[in-house]
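I am opening a notebook on a structure that is new to me. I will write down each thing I look up.

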There are 2 protein chains.
Amino acid sequence: MVKMSDVARLAGVSTMTVSNVLNGRRSVNTEIRRRVLEAVKESGYVMNRSARTLRTGTTGVIGLAVPALHHAYFAELGGRVVAQAAQLGYRVTVEQTGAHVQGEIDAVALARTLEYDGLILSAIGIGPEEARFLNQSIPLVLLGEKLFEETVDHIAMPNSKGTRAATVHLASQGCKRIAWASSPAPVGETHNVVVDRLLGYRQGLADAGLSEDPGLRVPMDHLTMRDAAEGIRQMGKNGVEFDGVVAVTDAVALGIMRGLADLGLRVPQDVRVIGYDDIEQSEFSTPSLSTIAPDHEWMVSAALTLLTERIKDRSAPGRELVAPFRLITRESTS
Amino acid sequence: MVKMSDVARLAGVSTMTVSNVLNGRRSVNTEIRRRVLEAVKESGYVMNRSARTLRTGTTGVIGLAVPALHHAYFAELGGRVVAQAAQLGYRVTVEQTGAHVQGEIDAVALARTLEYDGLILSAIGIGPEEARFLNQSIPLVLLGEKLFEETVDHIAMPNSKGTRAATVHLASQGCKRIAWASSPAPVGETHNVVVDRLLGYRQGLADAGLSEDPGLRVPMDHLTMRDAAEGIRQMGKNGVEFDGVVAVTDAVALGIMRGLADLGLRVPQDVRVIGYDDIEQSEFSTPSLSTIAPDHEWMVSAALTLLTERIKDRSAPGRELVAPFRLITRESTS
DNA sequence: CTGAAAGCGCTAACAG
DNA sequence: CTGTTAGCGCTTTCAG
C-alpha cells in the first residue's frame with residue numbers, strides 16, 4: 001500500500017505538505033499543490049484512516065442503533081440517516097439493539113471504543129439513568145423517545161399528540177367503539193413510546209366524549225404484524241364489538257387490517273383503522289392506511305444537527321426538539 | 001482515556017502481557033491473568049481499535065453495499081447480515097449505492113481505504129469488468145447477481161428459475177394472459193436481475209404453451225410500488241386484458257395489487273399476482289401475496305462464509321453458489 | 001512464560 | 001509557506 005510519504009517523495013515535498021494539500025488545512029503554493037495531487041493520482045494513494053484516527057481521535061463515523069433494521073420504520077430511518085450523514089461527510093455504521101435495554105447500552109459500549117464520533121440511538125426501552133450514563137461516554141442523540149432528562153439531546157416524536165389526533169379523527173368519522181392495538185405498556189416505564197401513545201389514545205377518547213373500555217385492547221405481545229393480526233382475530237372470535245382501531249405503529253395497523261380481512265370485516269365500512277409512522281407501505285396497502293406522519297426528513301436532519309453540535313461542544317446543555325406531524329387520511333378511515 | 005499501558009502498570013506487568021491476556025494469543029500464568037483482568041475491570045479499559053487496526057491492518061468491519069436501505073428486501077437483508085456478522089465477530093457498515101454502477105464502485109473505493117476487511121455488494125448494475133476491478137481491491141462477495149466471471153465470489157439468486165416457476169404456477173391456476181411487471185431490461189446488460197427474471201417469465205410462458213404478448217408488459221420506469229401501481233392502472237385504462245401478473249419483486253407486486261384495486265379488479269378472482277423475494281409484508285398484505293422465496297438466511301450465511309474464506313485466502317479461485325428457493329402460494333393466486 | 005524495543009501511517013506543534 | 005520532530009496505542013519481533 002502506497003502511503004503519504006511515498007507521495008511526498010514522488011512530488012519532491014515533505015509528508016506534511018501532502019497532508020496539508022489533501023486536507024486543505026493550510027494554504028499551499030499552487031504549483032506544489034498541483035505536483036502533490038498529480039503524485040497522488042499517479043501512485044493511486046488512498047489514505048489510511050486508522051492512522052489518522054489514531055492521531056486525531058476522530059473517525060468520521062456515526063453509529064446508528066436501532067432495534068431491528070428489518071422493521072420498515074427503522075429501515076426507512078436508516079436510509080435517511082445514511083444519506084443525510086453522507087452529505088455532512090460522515091459514514092454510518094448500523095447496530096441492531098434487539099429492542100432490549102442491554103442491547104442499547106452495548107451499542108454505546110461499542111461506541112466507547114473510539115469507533116464512532118457520535119451515536120444516534122433510536123431507543124425503545126431506555127430510561128433516564130441509562131441515558132445519563134450513555135451520554136457521558138459519547139456524543140449522543142436519542143431519537144423518538146421522550147425523556148425528562150435535561151442533559152441528553154433528543155428528538156422527540158409527538159407521541160401522545162399524534163395518537164390523540166388519530167383517535168379524535170376516528171371519532172369524527174363516526175366510530176364509537178375504538179380499540180387500541182399495541183403491545184402492553186411495560187411496567188414501571190413512564191416515558192416509553194408505547195406508554196405515550198396509549199396516553200394519547202385515552203386523551204383522544206376523552207376529547208370525543210367516549211369512555212375507555214378495557215375490553216377494547218387488542219391482545220398482543222410484540223409490535224409485529226403477526227401479533228397484530230392474531231390479536232384482532234382473537235378479539236373478533238371472542239365476539240368483542242368495535243368499529244375503529246388506533247394502532248401504535250403502521251406495521252401493527254397493517255397486521256390489524258390483515259386480521260380484519262380474515263374475520264370478513266371490511267375496512268373502512270365495518271371498521272376504520274389508523275396507524276402511526278407513515279411508512280412507505282401504508283400508501284400502497286389495500287386499503288391504503290390513514291396514519292400519523294411525523295416529518296421524517298426533519299427528524300433526521302435535526303438529529304444530525306444536534307449530534308454535530310454536540311460533537312463540537314460536549315458541555316452544552318441537552319436540547320429537546322419535538323417533530324412536527326400531519327394526520328394523513330387515506331382509504332382506511334374514509 | 002485509559003490505555004493498555006495503564007492497565008499494565010496497575011497489574012504490575014508489561015503491556016505485552018495485557019495484550020496477550022486480552023487477545024488470548026499466548027498462554028499466560030493464571031494468577032497474572034487474573035490480575036490483568038481485574039485491572040481491566042477496575043480501570044474501565046476499552047481497547048482503541050484504531051491503534052490495533054493501524055498495527056494489524058484488519059478492522060473487524062465488513063461493508064455491506066445495497067442500492068437503498070429503505071427497500072424492504074435490502075432492509076431485511078441488512079438486518080440478517082448485521083446479525084450473522086455479529087456472530088462471527090464482525091461489525092457491519094452499510095453503504096447505499098443508489099443503484100448506480102458508479103455508486104457501487106464508490107463503495108469499494110471507500111473500502112480500499114482499509115476501512116473494511118471485506119465487502120458484500122448487493123449489486124444491481126454491475127458488470128464483469130467492474131467486478132474484476134473491485135475484486136482486486138478488497139475481498140468481495142457479490143450477492144444476488146449472476147455473473148459469468150470466474151474470479152469473483154458470488155451468491156447467485158435463482159432468478160430465471162424463480163420467475164419461470166412463478167409463471168408456470170399462474171398458468172396452472174388457469175391464467176392465459178399473463179403480464180410481466182418490471183422496469184425495462186437495461187440495454188446492453190446481459191446478466192442483470194431484471195434481464196434474468198424476464199427470461200424466466202418467457203421460459204415459463206413457453207413451458208405453459210402460452211405465447212408472449214408484448215402488450216402485456218406493465219409500463220414502469222423504476223422498481224417502486226408507485227410506478228407499479230401507476231403502470232398497471234395505465235394498462236387497465238388502455239383496455240389491455242390480462243388475468244395474471246408476474247412481478248419482478250414483491251414490492252412491485254404489492255404496487256400492482258394496489259393499482260388493481262384502483263381499477264376495481266379483484267385479486268385473485270379477476271387477476272392473479274405473484275412476486276419474488278418473500279419480504280415480510282407479503283405474508284400480511286390483503287390479499288396475501290404468493291411469491292418466490294429464496295432462502296435468505298442461507299444466502300447471508302453463504303455470503304459470509306465465502307467472504308471470511310476469501311479474507312483468509314485472497315488467491316483462491318472464485319466460487320458461485322446458487323440459493324435454493326421455494327414457491328410460496330398465498331391468497332393472491334389461489 | 002514474560003519483557004523491551006521498534007514501528008504501523010498519520011498529524012499537532014513547533015521551527016524556520 | 002514548508003519542514004522536522006515526536007508520538008497517538010497497539011502488536012510484532014526478538015531477547016531473556
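These entries go from the whole chain to helix packing and then to rings.

**Entry: the model.** I note at the start that this is a predicted model.

**Entry: chain A as a whole.** I looked up the secondary structure of chain A and found 13 helices and 12 strands. I then took the extent of its C-alpha trace, which spans about 85 × 40 × 25 Å along the principal axes. Chain A has 334 residues, and 54% of them are buried. I also checked the contacts in chain A between residues at least 6 apart in sequence: 67% of these join residues at least 24 apart.

**Entry: two helices of chain A.** At what angle do α8(A) and α9(A) pack? Helix α8(A) covers residues 159–172 and helix α9(A) covers residues 193–207. I read an angle of about 40°, with the axes 7 Å apart. I recorded the crossing of α8(A) and α9(A) as right-handed. On the α8(A) side the contact is made by N159(A), S160(A), T163(A), R164(A), T167(A) and V168(A). On the α9(A) side I listed some of the residues, including V193(A), D196(A), R197(A), L199(A), Y201(A) and L205(A). By class, this contact has five nonpolar, seven polar and four charged residues.

Entry: In chain B I found R197(B) over the face of Y276(B), at 3.7 Å from the ring centre.

**Entry: aromatic pairs.** How many aromatic pairs does the structure hold over all chains? I count four. One of the pairs I looked up is Y73(A) with F74(A): the ring centres are 5.2 Å apart and the planes stand at 75°, so I class the pair as edge-to-face. The cut-off for that class is over 60 degrees.

Are these two residues of chain A buried or exposed? Y73(A) has 14% relative accessibility and therefore counts as buried. F74(A) is also buried, with a relative accessible area of 10%. The limit I applied is under 20%.

I turned next to Y73(B) and F74(B), whose ring centres are 5.2 Å apart with planes at 75°, so this pair is edge-to-face. Y73(B) is buried at a relative accessible area of 13%, and F74(B) is buried at 9%.

Terms used. Residues are numbered from 1 along each chain as its sequence is written. Chains are lettered from A and ligands numbered from 1 in the order in which they are written. This is a predicted model: local features need pLDDT of at least 70, side-chain atom pairs count only at pLDDT 80 or more; totals for chains, interfaces and linings use all residues. Side-chain values use heavy atoms; hydrogens and water are left out. Rings of Phe, Tyr and Trp (its six-membered ring) pair if their centres lie within 6.5 Å; planes under 30 degrees apart count as stacked, over 60 as edge-to-face and the rest as tilted. Buried means under 20% relative accessible area, exposed over 50%, partly exposed in between (1.4 Å probe, protein chains only). A charge sits over a ring if NZ of Lys or CZ of Arg is within 6 Å of the ring centre and within 35 degrees of the ring normal. Axes are lines fitted to C-alpha atoms, for helices over the stretch in contact, and angles run from 0 to 180 degrees between N-to-C directions. Helices (H or I, at least four residues) and strands (E, at least two) are DSSP runs, numbered from the N terminus. A crossing is left-handed if the near helix is turned anticlockwise from the far one by less than a right angle, and right-handed if clockwise. Contact means heavy atoms within 4.5 Å. Ala, Val, Leu, Ile, Met, Phe, Trp, Tyr, Cys and Pro count as nonpolar, Asp, Glu, Lys and Arg as charged, and the others, Gly among them, as polar.
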